[in-house]
Amino acid sequence: MSENQNLLAEQRRALILDEVRRRGGVRVNELTRKLGVSDMTVRRDLDALARQGVLEKVHGGAVPVVEASTHEPGFEAKSGLELSAKEDIARAAAALVTPGSAIALSGGTTTYALAHHLLDVPDLTVVTNSVRVADVFHAAQRSTGQRQGAATVVLTGGVRTPSDSLVGPVADQAIRSLHFDLLFLGVHGISVEAGLSTPNLAEAETNRRLVQSARRVVVVADHTKWGTVGLSSFVSLEQVDTWVTDAGLPSEVRATISEELRHLVVAGEPTATPADI
């Protein structure tokens with residue numbers, strides 16, 4: 001069987017993971033037919049996904065990993081997942097930002113992708129509790145010098161989590177006195193019953209502070225976050241203005257979400273203009 005050259009490894013693995021989660025398990029021979037690649041390629045992809053801890057290999061295939069509500073993957077473990085979706089989401093979310101705004105970005109791999117798309121938006125003030133997000137802006141300034149219109153970045157203090165967010169009383173105190181036009185919030189899980197949730201109790205409290213300081217709240221999360229529930233809920237869906245997600249979100253979920261949220265933006269699909277949101 002000839003290899004399908006149209007799919008990059010990351011794209012194949014995203015498709016495999018989505019299939020495993022959707023069906024509750026897959027067999028190697030099913031994936032070779034679906035993806036048009038060899039058994040060896042599929043097995044390598046399954047090995048890579050198993051090392052990331054997002055699925056479990058079994059004889060002849062793979063099944064999902066059932067995670068405890070307290071399990072918190074590290075930044076590196078999450079950074080290789082749903083890359084195309086995160087790029088699409090980041091591009092769509094960046095279109096909501098106007099020059100001169102005061103915005104906040106929480107921790108997470110999707111907000112990290114968003115930060116790269118905000119580098120050319122002039123005169124932003126960016127507050128973040130993410131070491132990774134702050135590094136994006138600082139690296140750009142080091143490489144280009146202090147150019148006119150470059151973002152002013154405020155990095156909160158706090159205790160570092162596995163996802164490289166700064167949380168706890170120091171972060172909460174720094175955020176409490178600030179006010180943002182727009183908050184971009186990455187999440188561990190999202191559901192109707194639990195709202196937005198995280199496995200980290202301290203991060204939940206810091207996220208609450210971010211939401212309280214924001215005029216508008218925009219969740220940036222790919223479709224795989226739907227139905228995931230972490231240990232601690234910190235925001236109900238009623239407190240979210242917009243969810244920016246990817247086209248992988250099933251139609252039945254979109255119908256459910258439309259009853260709970262003010263706006264649902266599906267990256268790559270027609271939606272309201274930024275001014276309307």
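The following legends describe close-up views of a predicted model.

**View 1. The largest nonpolar core.** This core has 29 residues, and Leu-105, Leu-118 and Phe-184 have the most contacts inside it. A nonpolar core is a set of buried Ala, Val, Leu, Ile, Met, Phe, Trp, Tyr and Cys residues joined through side-chain atoms within 4.5 Å; buried means under 20% relative accessible area (1.4 Å probe, protein chains only). Two or more residues each come from helix 5 (83-94), strand 4 (102-105), helix 6 (109-117), helix 7 (131-144), strand 9 (182-185) and strand 12 (217-220). Helix 5 gives the largest share, five residues. Helices (H or I, at least four residues) and strands (E, at least two) are DSSP runs, numbered from the N terminus.

**View 2. The surroundings of Leu-118.** Not counting residues up to four places away in sequence, Leu-118 touches (heavy atoms within 4.5 Å) Ala-94, Val-97, Ile-103, Leu-105, Leu-124 and Phe-137.

View 3. Strands pair if DSSP finds at least two bridges between them. Strand 10 (residues 189-191) and strand 11 (residues 195-198) run antiparallel, joined by three bridges, and form a hairpin with three residues between them. Within this pair, Ile-190 stands opposite Leu-196. Strand 11 is also joined by three bridges to strand 13 (residues 232-235), again antiparallel; here Thr-198 has Ser-232 as its bridge partner.

**Notes on the views.** Residues are numbered from 1 along each chain as its sequence is written, and side-chain values use heavy atoms, with hydrogens and water left out. Local features need pLDDT of at least 70 and side-chain atom pairs count only at pLDDT 80 or more, whereas totals for chains, interfaces and linings use all residues.

Conventions: Buried means under 20% relative accessible area, exposed over 50%, partly exposed in between (1.4 Å probe, protein chains only).
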